[in-house]
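Biologist: I would like to learn how to read a protein model. Can we go through some features together?

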Amino acid sequence: MKKAFFVLTSLLIASCSQAGSDISSSAPAAPSTASEAATYYIDASAGSDANDGLTETSPWQTLDKASQVKLKAGDRMLLKAGTVFNGVLELCGKGSSNKRIEVGRYGEGNAPKIVGHDNADYAVRILNSEYLTISGLEIVNTGSQRKAGRTGLKVECLDYGVSRSISVSNLFIHDVNGSLVKEQGGGSAILIVNHGKSVASRFDSLTIENCHIKDCARNAMIWSGHYDRRDWLPSTNVVVRGNLIEGVPGDGIVPIGCDGTLIEYNVMRDCPDMLPMTEAAAGIWPWSCDNTVIQFNEVSGHKAPWDAQGYDCDYNCRNTLIQYNYSHDNYGGMVLICDSGNERNYSLGNKGSRVRYNISIGDGQRPKATRQGMFSPNIHIAGRVEDTTVERNIIHSNTKTTADADRTMVCSDSWDGFADRTTFKENIFYTSEPSRFDMNASTHNDFQGNWYLGLYANLPADSQARKSSTTYQSRIVDADPMGFKALERLMDKRTTCGAECHFVNKELIEKFFAEMD
C-alpha cells in the first residue's frame, strides 16, 4: 500500500509576503506606476538587461532580471519564442479577476524553453500569487544526477492566506530527474505546496489544463497541503483537465488536502518499469481529500512494482467519485480503494467512495513478483474502508501474458483492518480464464445483480446473480475476445495534447447497461 509524501522535509522561506514584499533585495525593475499595467519582454538571444524591457525592440535577456519584477494586475511577462533561457524564473504577483497577470510567449517559432541549472529545485516557481496565468512555455529541469524533490514548475502558497485563481495551461514539461523513491522526497513535473507557520494558506480555483508532461520522475503532478484532519484547511475548486502524461514511472495526478477537486479528460500512458521494488504508485488518486470527482480519464501501461492501478481512492478521503474512466494494460487492476487502520490520529479513514461506469480491459498484467508474489486483482479493497459502492463497471479480464499471473477479480483484504459495508451492484465481471473472489474477513458485503461471465471460485452470495448474457457475448466477446475493438465503441476518440485518446461516452455506456440481459 502506498502513503503520499505529504510532508516536505524543508520549506523555503517565503520571499513574497502576504503584504506583497518584493521577491528580491533589489528594487523592482519596472518603471511603471502602481495604476499602470506593463508588458515585459525577455529575449535570451538578442536582449540586454541594460534595456528597459518594455518593448519587443528593447527586451531584457535573463531570467534573473525578469525575476526581480513584482507583477501587478494586468501585467504581462512574455518570453521570446524559439529561444532558450538557462536558469530559474521566479514569479510573484497579485492580479485581479478583471485584470489577470499573464506569463507567456511572443513572436513566432517553438515555445520558449526554460532550462533549470544543474542543482535547481525547480525551473519555474509561482509564489504567493493570485489571478495569474502561465501558458505556452517549455520547461526542463535535468540535473547531472537525480535530486530529491526536484520539479519543473512549483506553485507555492506560504504564510499568505488564500491564493486565488492560478491557471497553468499549455505547458510542455519534460526531463525532470527527481528521486525515484517516495520516502526520499520523490520528484515531479508540477508540485503544488500550501503551508504556513504564521498565516494558514491554501489555494482556491487552481487550474491545470492542456499540459504535456513527459519523462519526468518520479511523479507527474502532486500536492503537499494540509492533510491532517486536526488542522484541516483544504484547497478548494481545483480543476485538472486535458493533460497528457507520458513516460512517468510513478504517480500521475495526486491532490492532497483538497475539497471539491475535478479531474477529467486526462491521459496517463507508457509508464516505464524503472521504480525500485520498494515503490508503490498508481495513476490518478486523491489522498486526504473530500468530494473528489475523477471522470473521463484514460490510464494505461502503468508498471509500478506495487499497486499500479489506473485509479485509487486512498485513505483520509470522503465521498470520492470515480466514474466514466478507462483503464487498460496496467500491471495492477482498475482500481484500489484503501485505508490504513493505523493512521487514525490524523485520518478519518476512507468513507463513501463510489466507483461506477468505468471500463477496464486487460488490467492485472503484472509479469513479475512483488511484495505478495504476483498479486494484482482487478479490484483491490484494502483496510477498513466504509460505505463503498462499486456499480455498473465493465471488467473485461482477457488472457494473461504470463502463466502465473494473478487472475483474481476482486480481493478485499486487510490493511490493519477489513472493509465494512461494501456494495457491488450490476457490474459486468468477464474473464476468459478461471478467476476468483477473495473477500476474506471483510464484513457486510452486498452483491446485487452482477454478471459473472466465466469461471469463478468463491462466488459471493448474490440472489440476483446472472451467469450469462447474450448481449455481452454477441456484441463484445464475439466481436473481439480481447475486448478493445468492441468496448471502445462505447468511447469517444479525442485529441489530447496532439495524441489520439479514448474517453468513455456517458450516454453510450449507460445505454449499454440498460440493454444488458
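Modeller: Start with a definition. Buried means under 20% relative accessible area, exposed means over 50%, and partly exposed lies in between. Note too that this model is predicted.

Biologist: Is arginine 384 buried, partly exposed or exposed?

Modeller: Arginine 384 has 35% relative accessibility, so it counts as partly exposed. Glutamate 386 has 12%, so it counts as buried. These two form a salt bridge, with the closest N and O atoms 3.7 Å apart.

Biologist: Which residues are linked in a network of salt bridges?

Modeller: The network links Arg384, Glu386, Asp387, Asp420 and Arg421.

Biologist: How many salt bridges does the structure hold?

Modeller: There are 29. One joins the side chains of glutamate 264 and arginine 241, at 2.8 Å from N to O. Glutamate 264 is in strand E26 and arginine 241 is in strand E22, so the pair ties together parts 23 residues apart in sequence. Aspartate 290 and arginine 318 also meet in a salt bridge, at 2.6 Å. That pair links distant parts of the chain, 28 residues apart.

Biologist: Now helices. Why do some residues of a helix point the same way?

Modeller: An α-helix has 3.6 residues a turn, so residues three or four places apart point the same way. Now take helix H4, residues 506–515. Its buried residues are Ile509, Phe512 and Phe513. Seen down the axis of H4, they fall within an arc of 95°, so they line one face of the helix.

Biologist: Which exposed residues are on the face turned away from the buried side of H4?

Modeller: Glu507 and Ala514. The cover over the buried residues of H4 includes helix H2 and strand E51.

Biologist: What describes a pair of aromatic rings?

Modeller: The distance of the centres and the angle of the planes. Here the count is 24 aromatic pairs. In one, tyrosine 227 and tryptophan 287 have ring centres 5.8 Å apart and planes at 45°, so the pair is tilted. Both of these residues are buried. Phenylalanine 429 and phenylalanine 437 have ring centres 5.3 Å apart and planes at 85°, so that pair is edge-to-face.

Biologist: Which residues do ring pairs link into a cluster?

Modeller: Among them are Tyr265, Trp451, Phe512 and Phe513. Charges sit over two of these rings. Arginine 466 lies over the face of tryptophan 451, 3.7 Å from the ring centre. The charged end of arginine 494 sits over the ring of tyrosine 265, at 4.0 Å from its centre.

Note on methods: Residues are numbered from 1 along each chain as its sequence is written. This is a predicted model: local features need pLDDT of at least 70, side-chain atom pairs count only at pLDDT 80 or more; totals for chains, interfaces and linings use all residues. Side-chain values use heavy atoms; hydrogens and water are left out. Buried means under 20% relative accessible area, exposed over 50%, partly exposed in between (1.4 Å probe, protein chains only). Helices (H or I, at least four residues) and strands (E, at least two) are DSSP runs, numbered from the N terminus. The arc is that of the directions from the helix axis to the C-beta atoms. Contact means heavy atoms within 4.5 Å. Rings of Phe, Tyr and Trp (its six-membered ring) pair if their centres lie within 6.5 Å; planes under 30 degrees apart count as stacked, over 60 as edge-to-face and the rest as tilted. A charge sits over a ring if NZ of Lys or CZ of Arg is within 6 Å of the ring centre and within 35 degrees of the ring normal. A salt bridge is a side-chain nitrogen of Lys or Arg within 4 Å of a carboxyl oxygen of Asp or Glu.
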